[in-house]
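Dear colleague,

Please find the structure below, handed over for your reference.

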Amino acid sequence: MLQGLHAAAAGMSANQSRLDAVSNDIANVNTTGYKQNRVAFRDLLYVRDGVEDVQVGSGAGATTVGRGYAQGALQVTDRPLDVAIAGPGFLRVDTPDGAALTRAGDLQVDAQGRLATRDGALVAGVRPLPTGADATVKIGEDGTVRTADGQELGRLQIVNVPSPDGLRPLGNSRFAETAQSGAAVAANPPETRVLQGNLEASNVDMSTAMVDLIESQRAFAMASRAVQSQDQMWEIANGVKR
């Protein structure tokens with residue numbers, strides 16, 4: 001009976017993890033460059049029952065299996081500092097904690113004229129823009145940044161990793177390389193292109209996310225009722241014993 005209580009509680013915990021992941025996806029459905037969470041379920045350890053000598057499951061557990069890196073929809077903004085990456089790859093940025101990768105291309109110019117993301121991470125590989133150049137800057141499909149009169153300021157570092165599933169999420173649509181992802185290398189044009197005046201939307205499909213949310217809520221409720229049933233059975237058993 002105690003095993004059943006553990007299995008039901010494990011089910012509640014697993015579905016709570018899935019609910020958290022789906023809720024985070026829904027909250028970021030309008031976040032530029034956001035990549036959805038992927039959660040999978042796995043069997044917990046089977047144990048052999050000492051009385052009946054049969055294997056009894058311990059329930060299910062939730063495991064985060066990385067992010068879904070499918071391309072989000074491209075949205076035309078015509079804003080000179082908006083860039084979207086068409087194809088695989090990430091924009092390398094520098095943060096106080098080190099280099100990071102992102103597909104959120106809603107850039108801005110900071111007080112020193114440097115290209116930066118909305119949350120202040122500096123874009124690698126580009127010199128500061130001359131005053132007033134942010135409205136006329138040209139960014140080519142290979143990431144080359146030029147002023148309106150053709151002065152080259154550098155190139156956006158568009159890179160890719162051998163196994164994106166191994167990237168470590170850092171928050172704010174940023175990721176860090178790991179041993180599992182492999183080292184970042186330059187992305188290959190023309191498979192990967194930089195599109196100025198575009199942004200990549202979140203790749204969360206709202207209808208699918210809502211179905212997942214309802215499914216997880218119902219599974220959580222069922223596991224909760226199983227815990228209540230186990231508790232009632234324990235209460236009956238204790239009453240018989242007295």
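Phe90 and Phe175 are both buried (under 20% relative accessible area with a 1.4 Å probe, protein chains only; exposed is over 50%, partly exposed in between). The model is predicted, so local features need pLDDT of at least 70 and side-chain atom pairs count only at pLDDT 80 or more, while totals for chains, interfaces and linings use all residues. Residues are numbered from 1 along each chain as its sequence is written, and side-chain values use heavy atoms, without hydrogens and water.

Across the whole structure, a search finds three aromatic pairs (Phe, Tyr or Trp rings, the six-membered one for Trp, with centres within 6.5 Å; planes under 30 degrees apart are stacked, over 60 edge-to-face, the rest tilted). One of these joins Tyr69 and Phe90 edge-to-face, at 5.9 Å centre to centre and 85° between the planes. Tyr69 lies in the loop between strand 4 (60–67) and strand 5 (74–76) and Phe90 in strand 7 (residues 90–95), so this pair ties together parts 21 residues apart in sequence. Strands are DSSP runs of E, at least two residues, numbered from the N terminus.

Phe90, with a relative accessible area of 3%, also forms an edge-to-face pair with Phe175, at 6.2 Å centre to centre and 65° between the planes. Phe175 belongs to strand 17 (residues 174–176), so that pair ties together parts 85 residues apart in sequence.

Note on methods. Helix = DSSP H or I, 4+ residues; strand = E, 2+ residues; numbered from the N terminus.
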